[in-house]
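My notes follow in the order in which I checked things.

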Amino acid sequence: MTEPQVPRFAGWRAIFRGHALPTAGLVGMGLFLALALLAPAIAPQNPYDQMQLNIMDGLLPPMTQTMDGRIAYLGTDSLGRDILSAVLYGLRISLLVAVVAVAAGITAGVLLGLVSALRGGWIDALVMRAVDLTVSFPGVLLAIMLLAIFGTGVDKVIVALAIGIWAQTARVVRAVALTEMQRDYIAAARLGGISEWRIMLHFLLPNSITPVLVLLPMAISGAIVAEATLSFLGVGVPITQPSLGLLIANGNEYLLSGKWWISMIPGLVLVAMVLCVNVVADRMRDHANPFLRAKD
Amino acid sequence: MTPLLQIDDLTIAYRLADGSGFQAIRDYSLTMAPGEIVGIVGQSGAGKSTIGKAVLGLMGENATIEAGRIRLSGHDITRARDVEAIRGRKVGYIYQNPMTALNPVLTIGEQLLESIVTHTGRRGAAARAYAVELLEQAEVPQAAERLSKYPHQLSGGLCQRIVFAIAICARPALLIADEPTTALDVTVQKAVLATLERMARKEGIGILLITHDMGVVAQMCDRVQVLRRGELVEEGATRQLLLHPAAAYTRQLMAAIPPMDRRLDRFDVIERQADSPGRERGIAYLRTARDGFAPSGSALLSVRGLSKTYPAPPRSGQDAFVALKDVSFDVRAGEVLGIVGESGSGKSTIGRCILGLQQPDAGAAITFRGRSLQPGRRDRAALARSLQCIFQDPYSSLNPRMSAAVNMTYALVAHGLVAARDARRLAGDLLEVVQLPRDAAGKMPHAFSGGERQRIGIARALAFRPELIFCDEPTSALDVTVQAEVLNLMKDLREMLGLTLVFVSHDLAVVRQMCDRVLVMSKGEIVEAGAADEVLLRPRHAYTRDLLASMPRMAET
Amino acid sequence: MASFIIRRIGQSAVLLFIMSLLVFVGMYMVSDPVAVLAGDDFTAADREALARSLGLDRPLPLQYLAFLGNVLTGDFGQSYVYNRPVLDLIFERLPATLEMVCLAMVLGVAIGIPLGIWSGLNRRHPATRAVSFATTVGYSIPNFWQALLLILVFSVWLRWLPASGRGDTVPLLGAGWSFLTIDGLRHMLLPAANLAVAIVCMQTRLTRSGTEEVMFQDYMMFARSKGIPRWRLVNRHLLRNILIPIVTITGLELGALIAFSTVTETVFSWPGIGKLLLDSIYRSDRPVVVAYMILITVMFVAINLVVDILYALLDPRIRYS
């Protein structure tokens with residue numbers, strides 16, 4: 001009998017050593033996070049302070065000088081708002097929404113998946129039917145429908161995205177937990193009279209969490225894209241808190257007249273950020289896939 | 001005469017995921033005459049499967065032949081390009097696990113016919129007729145009907161016979177059989193091996209038989225090689241080598257095999273450790289419970305009318321599966337009771353029902369020291385002190401996210417039986433009792449070998465100071481030398497601590513070595529019960545006789 | 001099998017019922033059609049009359065029952081904005097969505113599956129790494145922004161293809177279709193390509209990982225040991241096994257495509273049901289939104305059912321009974 005291939009989280013070094021692209025992705029993720037956190041400190045202007053905007057600076061292409069002598073490195077929009085500043089602030093909103101939604105969705109999913117596996121019976125049936133109901137709709141459509149019902153807003157977008165995430169997580173965790181429960185260490189714990197609650201937290205949770213960790217970056221990039229899509233469609237974040245998706249939508253009308261930078265630049269930033277997360281996600285998934293590891 | 005297979009100074013290296021290299025086979029040589037059956041025996045990690053795969057060029061992408069030559073009937077087949085032409089045509093391959101060797105979504109007929117069409121040029125009705133003929137040769141009953149079946153509809157033994165038919169369809173000169181019966185039940189094993197041997201002898205096909213089982217070697221092979229960590233230890237005619245092994249390693253291997261004809265006090269294998277203060281302390285801790293144990297010989301556990309039925313899946317049209325049918329027996333204090341049977345006989349279910357891991361059917365009465373053991377009762381903590389279990393699979397019996405020490409003492413600390421600050425010391429003491437170094441306490445399970453994990457599992461069960469321990473196939477996943485060590489340990493512990501054991505196993509020889517009394521199970525029922533010597537040497541029931549007859553035996557050579 | 005299908009249809013009916021309840025109550029709670037429809041000069045009495053004419057003055061359960069009764073007879077009510085039966089509106093726009101989605105699906109499957117199998121079989125080939133990176137990039141570009149990019153490049157800069165609308169249509173089976181005219185196809189190409197990129201990436205990745213997984217199975221090793229030709233190894237042993245997940249996922253992707261078509265249709269002003277949904281959300285056209293949600297639920301339930309049945313037909317190990 002050979003040791004079963006249990007995916008174990010081997011640590012960052014083992015996953016990323018010798019893989020240049022994913023390492024670059026990891027660095028990029030850190031960079032975007034830093035930019036988002038430091039936006040108020042490094043942005044040339046506060047793009048939502050009307051006092052700082054000058055309508056005379058409107059629609060400047062990148063690298064032009066503004067009225068007050070600064071250089072608008074990435075150009076300005078129709079209101080004379082500096083695109084670089086708008087992008088830095090937009091990054092904050094995009095990341096905030098994605099991270100909070102993923103954290104909320106995954107926490108709920110893990111707990112419900114574990115409880116469902118451990119208790120079985122009607123709790124399991126109820127949770128799984130709710131999962132079926134949720135996952136039978138693609139995430140973006142589900143979110144559009146929810147937002148159509150509840151209206152828009154940062155908090156509502158977060159809830160709508162989290163609803164798409166919890167169900168996937170719960171399904172994965174439940175499946176893993178059910179196989180783990182067949183393993184003898186759970187039987188040994190039961191024989192030792194350990195309470196169900198402790199079995200769930202100390203035995204089942206740490207052994208069922210790996211697939212969730214592996215899927216985490218993918219969930220985050222998915223949430224970033226979903227939020228951008230919703231905001232682009234006008235059912236996401238409000239105009240007072242524009243994310244990258246909303247900035248792209250605002251520039252949309254100028255695209256056909258050749259003023260590409262207003263929507264292309266936030267778009268490029270969005271793509272770069274998602275790409276960084278996805279190369280990391282790919283690497284983590286490949287690493288966790290036992291079929292791709294060197295095999296005897 | 002040109003040898004059928006000649007391997008000269010073969011060295012094979014694997015490149016590991018961390019970039020380092022590892023030589024699985026070093027300077028290995030073999031010469032095999034046409035029609036000869038040669039066994040390669042070795043324990044896990046010996047590299048024996050690698051040799052078989054190397055002959056067929058089927059090693060993984062990360063393996064390379066660093067040195068040496070492989071020749072088949074004089075033709076060099078060392079390079080992958082040359083080996084492709086002989087696969088299936090000159091060399092047939094029999095895979096370890098028949099249930100996974102056949103493609104699950106193609107019919108048996110399709111998988112057999114594609115080989116026939118490729119290698120023999122027969123087509124249509126002629127190919128079909130030949131397929132049926134091959135299946136009949138492989139002793140598959142109702143051969144013609146099987147062609148339209150899928151692998152999951154057939155038993156493991158039948159699947160392996162179909163694999164045989166595929167392997168010999170081109171009348172190859174050589175078959176490579178990699179653990180051909182390890183995945184099968186004992187009673188099936190012997191018949192399947194006999195078929196393989198008959199087919200090969202009749203056609204003059206040579207077999208390279210790769211196995212860990214000396215009994216299989218004794219039954220089939222003309223010659224045998226012993227492999228250890230990628231190196232050839234010794235080789236010779238089967239009888240000569242088994243009866244008079246020259247190398248120390250072979251002797252050790254032979255000494256570890258539990259004999260059927262006599263009961264050993266201990267296995268003659270190298271033991272690890274001398275006494276130490278920690279070990280003394282651990283034994284003293286375990287002994288303190290002994291005074292409260294039931295007097296030796298009194299009925300400790302009594303089981304009456306135990307049945308277990310698994311209901312059929314709703315609306316599936318299948319029948320409910322009866323795993324246990326009205327089973328009654330007693331366990332007396334101080335004895336070792338063996339429960340033997342094949343897979344599916346219900347032997348493990350008994351333990352799970354008694355331990356409360358499964359709910360028996362209504363009407364069962366299980367009492368421990370006269371108190372009823374109703375499932376789902378609240379005083380599990382108290383019960384845990386009396387009843388424990390040692391599990392079969394060492395890789396699943398420890399929580400992979402907890403250190404050895406926490407694995408052993410978690411429940412004790414949770415119930416307040418041991419203070420958290422004393423737990424680590426107790427864990428170290430118990431590790432020394434099971435003959436592991438005490439500083440192993442801090443390591444995580446993946447750092448241990450299978451045998452070491454099993455010792456930790458034993459220590460965890462002992463930590464409760466139980467009166468009765470269920471041992472559910474505790475050594476069936478282990479190599480034979482490791483099995484001997486673990487069995488020695490269990491014999492010692494039983495003597496020192498006055499334990500009562502219920503020892504569940506499919507291996508009659510192991511049961512013979514360990515048990516005072518035996519129950520023989522078949523299809524959920526006890527077919528025979530009695531003193532171990534009586535049942536195993538003078539069986540009365542036909543099934544027990546069958547079981548004994550199907551054991552591969554060294555004595556036959 | 002029959003009893004399985006009946007049971008699944010029963011489950012689906014329950015799911016549809018729950019969905020209709022959720023949608024109805026949700027919409028009731030948050031949007032007030034009277035506020036949308038009423039002009040600025042409406043008096044309180046006018047508003048009340050309007051509410052009564054819409055049946056909004058009755059208690060909620062009664063409104064729901066009336067709604068359910070109507071839905072079961074195929075009546076989803078009148079659009080507030082267009083003043084026409086909702087079902088007519090939706091069926092009028094459905095062909096546009098269907099033809100675009102189908103074209104995208106065909107493109108996606110035709111490119112993605114062969115590419116996935118090839119890269120799965122040639123894991124160490126440099127082109128495989130390039131394909132793998134390309135799919136990651138394709139996967140990372142949000143669909144709506146990619147649509148903008150396509151418009152910018154092919155319509156604004158190169159002026160090859162039109163950026164919006166459906167072009168000429170030909171009536172067939174009572175609806176207009178674009179795929180039968182050159183002009184229609186020119187209009188359809190960009191939106192369909194936009195959807196197809198996502199499908200190609202997804203199909204390539206799934207097929208590749210499926211191929212890699214199957215190639216490592218014991219039965220593939222045994223099949224190789226049999227010395228059968230390589231084409232047979234790929235066409236029968238490999239393909240039959242990866243077909244199972246591919247069919248499942250392609251089916252489910254069809255649903256995802258319809259969802260993403262909402263985005264694509266909006267950017268390209270493609271008059272399908274996705275654009276109708278968003279327009280109706282902006283204008284609080286409640287009956288249209290409700291009908292869309294219920295119909296899309298029906299569609300997804302039907303797709304899931306068909307996928308499950310196909311799954312059983314393809315995998316001999318599964319027998320629903």
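Entry 1, contacts. I counted 33 residues of chain B in contact with 25 residues of chain A. The model is a predicted one. The two chains bury about 2,600 Å² between them, and 57% of that is on carbon and sulfur atoms. On the chain B side, I noted that B:Tyr395, B:Arg401 and B:Tyr410 lose the most area to chain A, together 25% of what that side buries.

I found one salt bridge between chain B and chain A. In this salt bridge the side chain of B:Arg352 meets that of A:Asp184, with 3.3 Å from N to O.

Entry 3, the side of chain B that touches chain A. Several elements give two or more residues here, including strand 1 (5-15), helix 1 (48-56) and helix 17 (450-463) of chain B. Helix 15 of chain B gives the largest share, three residues. I sorted the residues of this side into 15 nonpolar, 10 polar and eight charged.

I searched the whole structure and got nine cavities of 30 Å³ or more. The largest cavity holds about 100 Å³ of space. It is lined by 15 residues, and those closest to its centre are A:Ala189, A:Ile194, A:Phe203, B:Asn407 and B:Arg460. Which element supplies the largest share of this lining? I found that helix 15 of chain B does, with five residues. Helix 7 (184-191) of chain A supplies at least two. By class, the lining has 11 nonpolar, three polar and one charged residues.

How values were computed:
Residues are numbered from 1 along each chain as its sequence is written. Chains are lettered from A and ligands numbered from 1 in the order in which they are written. This is a predicted model: local features need pLDDT of at least 70, side-chain atom pairs count only at pLDDT 80 or more; totals for chains, interfaces and linings use all residues. Side-chain values use heavy atoms; hydrogens and water are left out. Contact means heavy atoms within 4.5 Å. Buried area is the accessible area (1.4 Å probe) that two parts lose on being put together, summed over both. A salt bridge is a side-chain nitrogen of Lys or Arg within 4 Å of a carboxyl oxygen of Asp or Glu. Helices (H or I, at least four residues) and strands (E, at least two) are DSSP runs, numbered from the N terminus. Ala, Val, Leu, Ile, Met, Phe, Trp, Tyr, Cys and Pro count as nonpolar, Asp, Glu, Lys and Arg as charged, and the others, Gly among them, as polar. On a 1 Å grid over the protein atoms alone, a cavity is a set of points where a 1.4 Å probe fits but cannot get out, and a pocket is an open set with protein on both sides within 12 Å along at least five of seven lines; lining residues have an atom within 4 Å of a point. Grid points are joined across faces, edges and corners, and a volume is the space filled by probe spheres set on the points.
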